[in-house]
Amino acid sequence: MNPIILNKEVQGFINSNLKSDITKLILKGNPFDAVTIQEIAEQIEAKKKCEKKLPTWFQTKNIYYPTRLNIEQTSSEITANYKAKLISGNSLVDITGGFGVDVYCFSQKVKHITHVEISQELSEIVAYNNKQLNVKNIQTHIGDGLEYLKESSEKFDWIYTDPSRRNDTKGKVFLLEDCLPNIPENLDLMFDKSTNILIKISPFLDITSAIKELKFVKEIHVVEIGRAHV
């Protein structure tokens, strides 16, 4: 995180250029010394993506945005709220935390939330944004989600995960066992820490194969917004 981005003047510049042509804006040069025009452009592009996808973040002042790719990969607020309606309880851990949209919505339903994210920068962004969003029941932890479960002595009411559909060696994948983390391979560990597991999977994955891999599937929810699955 670059804290200079949160300065009043920089935030004002970002908000006043949400409809500007990014290429032309970059070519004009940088009006600030302690932040690059590329960083500013990244904030603008990410925030623009949030106007419809994440309206709560878009409408909240001084939100710090990650890369546009992070925003594209995160759950929409609509689908995160849908998932939150499926759960209740005292504790939930998200072992693939990301930008924290899901845990924000879960925090409205569950008393204690743990957000585990392997990227230090992204974890710090989520912790900062949670303060701006006035959320007080989410604890952030930097590290690998599965390792966190192994080291934790806590039993959670829920484990949530949104495994990546890209594998470093296989590229884009279509089986749950090829996603990261490998959920089927770690089911025993996860059920040792919770009796309830909620998994978001891509519509591009083979649902029949996923059911066979997971073995203990109770419910399947297919969520669609308009014509685009999210």
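1. E213 counts as buried because its relative accessibility is 14% (buried is under 20% relative accessible area, exposed over 50%, partly exposed in between, with a 1.4 Å probe and protein chains only). The residue E213 sits in helix 11 (helices are DSSP runs of H or I with at least four residues, strands runs of E with at least two, numbered from the N terminus). Leaving aside residues up to four places away in sequence, E213 touches L175, L176, E177, P184 and L187 (contact means heavy atoms within 4.5 Å).

2. This is a predicted model, in which local features need pLDDT of at least 70 and side-chain atom pairs count only at pLDDT 80 or more, while totals for chains, interfaces and linings use all residues. Residues are numbered from 1 along each chain as its sequence is written, and side-chain values use heavy atoms, without hydrogens and water.

3. V222 lies in the loop between helix 11 (207-214) and strand 8 (224-225). V222 counts as exposed because its relative accessibility is 65%.

4. Five strands form an open sheet in the order 3-2-1-4-7, paired in parallel (two strands pair if DSSP finds at least two bridges between them). Its edges are strand 3 (138-142) and strand 7 (197-199), each pairing on one side only. From one strand to the next, the twist averages 20 degrees (axes are lines fitted to C-alpha atoms, for helices over the stretch in contact, and angles between N-to-C directions run from 0 to 180 degrees).

5. Strand 2 (residues 110-117) runs parallel to strand 3 and is joined to it by five bridges. In strand 3, T140 stands opposite H115. Helix 8 (residues 120-132) lies across strand 2 and strand 3, at about 165 degrees to strand 3.
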